[in-house]
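Please read the points alongside the coordinates.

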Amino acid sequence: ARALLGRCLLASGRLDEAEDHLALSLELLDQNQDTAGWARAASALARVYYSQGNLDRAVKLLDDVVMIQQSLQDRIGLSSTLQIWIEVHVALANRLLADGEDDKAAALVVRVEQVLPRRSCIHHPGESDRRTTARA
């Protein structure tokens with residue numbers, strides 16, 4: 001329930017409250033050994049960090065979430081997480097460019113480009129059905 005409240009607060013722009021609720025939900029989900037729920041709540045918390053401009057915290061959390069969701073084969077959660085992962089890394093690359101750290105920025109762009117094909121290969125329910133219907 002706290003994770004849902006945290007997501008609602010995030011959507012309404014109440015970032016500090018969203019952070020508090022999502023952080024607490026991570027503790028509760030961890031205690032209950034709900035790995036999938038933890039990963040989805042952590043992805044939302046990373047979005048809060050990103051919205052607050054805390055890119056480094058967002059990156060660290062998202063890297064963990066991506067690995068967990070891949071191991072759980074949570075394609076829906078992973079698709080959402082990869083979207084924010086890409087946004088955060090692009091913002092981080094832009095920050096590095098602004099700071100004159102072109103080599104580090106270029107390395108991040110390469111990393112994002114490596115993830116893009118993985119994201120496009122995620123199967124969404126009903127996707128193949130639409131292709132089949134379109135050909136018929």
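1. α5 contributes the most residues to the lining of the largest pocket, namely five. Helices here are DSSP runs (H or I, at least four residues; strands, E, at least two), numbered from the N terminus. The model is predicted, so that local features need pLDDT of at least 70 and side-chain atom pairs count only at pLDDT 80 or more, while totals for chains, interfaces and linings use all residues. Residues are numbered from 1 along each chain as its sequence is written, and side-chain values use heavy atoms, with hydrogens and water left out.

2. The volume of the largest pocket is about 180 Å³. A pocket is an open set of points on a 1 Å grid over the protein atoms alone, where a 1.4 Å probe fits, with protein on both sides within 12 Å along at least five of seven lines; lining residues have an atom within 4 Å of a point. Grid points are joined across faces, edges and corners, and the volume is the space filled by probe spheres set on the points.

3. Arg7, Arg40, Ser43, Ala44, Arg47, Gln69, Ile76, Gly77, Ser80, Thr81 and Ile84 line the largest pocket. Two or more of the lining residues come from each of α3 (35–51) and α5 (75–98). By class, the lining has three nonpolar, five polar and three charged residues. Ala, Val, Leu, Ile, Met, Phe, Trp, Tyr, Cys and Pro count as nonpolar, Asp, Glu, Lys and Arg as charged, and the others, Gly among them, as polar.

4. How do α3 and α5 pack? Their angle is about 20 degrees, and their axes are 10 Å apart. Axes are lines fitted to C-alpha atoms, for helices over the stretch in contact, and angles run from 0 to 180 degrees between N-to-C directions. α3 and α5 are therefore roughly parallel (under 35 degrees; over 145 is roughly antiparallel, 65 to 115 roughly perpendicular and the rest oblique). Their crossing is left-handed, meaning that the near helix is turned anticlockwise from the far one by less than a right angle.

5. α3 packs with helix α4 (residues 55–72) at about 155 degrees, with the axes 9 Å apart. This makes α3 roughly antiparallel to α4. The crossing of α3 and α4 is left-handed. Their contact includes Trp38 and Tyr49 of α3 and Leu61 and Leu72 of α4. It divides into 15 nonpolar, three polar and two charged residues.

6. Helix α1 (residues 2–11) and α3 cross at roughly 25 degrees, their axes coming within 10 Å. α1 and α3 are therefore roughly parallel. Ala3, Arg7 and Leu10 of α1 meet Arg40, Ala41, Ala44, Arg47, Val48 and Ser51 of α3. Five nonpolar, one polar and three charged residues make up this contact.

How values were computed: Contact means heavy atoms within 4.5 Å.
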